Amino acid sequence: MAIPQLSPEERQAALEKAKAARIKRAEVRDELKSGKLTLAKVLEMKNDPVVGRMKVSTLIETMPGYGKAKAEKIMKELQIAESRRLRGLGERQQTALLERLG
């Protein structure tokens, strides 16, 4: 697949859009870490185009008391692929995740 040739204006707009998405995902992670948001609320936001692209492993690691090792273990237990993003979670996976962490 060829990389599209963008004009400088289009490239700048794409960079700004990507930056805004990264900032929003970071805000969601910070609010989850501080307790302002619950896991259930974040999972409800999975249809948001920006939040939905967050990896499930990143979400678990963000929660207080969880790191990479625990996140990997939980994802294996719940049979969630390590590359899975929030938008791609099925109902059973979402319910299992809430039961395990919520």
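Colleague: Which helices each supply at least two residues of the lining of the largest pocket?

Modeller: In this predicted model, they are α3 (56-62) and α4 (68-77), helices being DSSP runs of H or I with at least four residues, numbered from the N terminus. α4 gives the largest share, five residues. Local features require pLDDT of at least 70 and side-chain atom pairs 80 or more, while totals for chains, interfaces and linings use all residues. Residues are numbered from 1 along each chain as its sequence is written, and side-chain values use heavy atoms, without hydrogens and water.

Colleague: What makes a residue such as Lys 55 part of the lining of the largest pocket?

Modeller: A lining residue has an atom within 4 Å of a point of the pocket, which is an open set on a 1 Å grid (1.4 Å probe) with protein on both sides within 12 Å along at least five of seven lines. Lys 55 is listed there, as are Glu 61, Glu 72 and Ile 80, among others.

Colleague: How is the lining of the largest pocket divided by class?

Modeller: The lining has six charged, two polar and three nonpolar residues; Asp, Glu, Lys and Arg count as charged, Ala, Val, Leu, Ile, Met, Phe, Trp, Tyr, Cys and Pro as nonpolar, and the others as polar.

Colleague: Why are the buried residues of α4 said to lie on the same side?

Modeller: Ala 71, Ile 74 and Met 75 are buried, that is, under 20% relative accessible area with a 1.4 Å probe, whereas exposed means over 50%. The face turned away carries the exposed Ala 69, Glu 72, Lys 73 and Lys 76.
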